[in-house]
Amino acid sequence: MNESLLQVVLVAALWFGYLASRFGGWNAAAFFVLNGVFCGICDGLVYFGLRPYQYPGQSPLWVVGYITFGWFGMACLCFFLADGMLGGQLDNWAESTKRNLLWQLPLLSASTAVLLDLMIDPLAG
């Protein structure tokens, strides 16, 4: 495992620990699967099938791992940013339904993540 992949895994582990402490381990695991593993699988299918981009010197497995943990970290950051923008500090997942955030929080989180990715990608290339 090279240094940049190790860094993204460590940051994702910190985010996972924070999510687990606030919302419980099962909810943190579900968040990881939906926002990290799912994105990694989708990106892996595109990368292995179409090869639309390259990470020079990196194996395809490295790419899938980096995307999995990187998108999980990005999703966590955007989730808590969106929660703050909507004026709250969620204490548990059930609170999102009480405050009518069931659609607002995911939509704002996802939009923020995509816009941030569109800004970061040209800088990273």
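A crossing of two helices is left-handed if the near helix is turned anticlockwise from the far one by less than a right angle, and right-handed if clockwise. Helices here are DSSP runs of H or I with at least four residues, numbered from the N terminus.

The model is predicted: local features need pLDDT of at least 70, side-chain atom pairs count only at pLDDT 80 or more, and totals for chains, interfaces and linings use all residues. Residues are numbered from 1 along each chain as its sequence is written, and side-chain values use heavy atoms, with hydrogens and water left out.

**Stop 1: α1 and α3**

Select residues 3-23 for α1 and 60-85 for α3. Their crossing is left-handed. The two helices pack with axes 9 Å apart, at an angle of about 40°; axes are lines fitted to C-alpha atoms over the stretch in contact, and angles run from 0 to 180 degrees between N-to-C directions. α1 and α3 are therefore oblique to each other (under 35 degrees counts as roughly parallel, over 145 as roughly antiparallel, 65 to 115 as roughly perpendicular, and the rest as oblique).

Now show side chains. Contact means heavy atoms within 4.5 Å. On the α1 side the contacting residues include V8, W15, F16 and L19, and on the α3 side they include W62, Y66, F69 and C76.

**Stop 2: α1 and α2**

The axes of α1 and α2 cross at roughly 135° and come within 7 Å. That angle makes α1 oblique to α2. The crossing is right-handed. F16, L19, A20 and F23 of α1 meet G25, N27, A28, A29, F31 and F32 of α2.

**Stop 3: along α2**

Where is the kink in α2 centred? Go to V33, where there is a kink of about 35° (the bend is the angle between axes fitted to the seven residues ending there and the seven starting there).

Colour A28, F31, F32, G36, G40, D43, G44 and Y47, the buried residues of α2. Buried means under 20% relative accessible area, with a 1.4 Å probe and protein chains only. Their cover includes α1 and α3.

**Stop 4: S109**

Finally, select S109, in helix α5 (residues 104-124). S109 is buried, with a relative accessible area of 10%. Apart from neighbours within four places in sequence, S109 contacts C78, F79 and A82.

How values were computed. Buried < 20%, exposed > 50% of the residue type's maximum accessible area, 1.4 Å probe, protein only.
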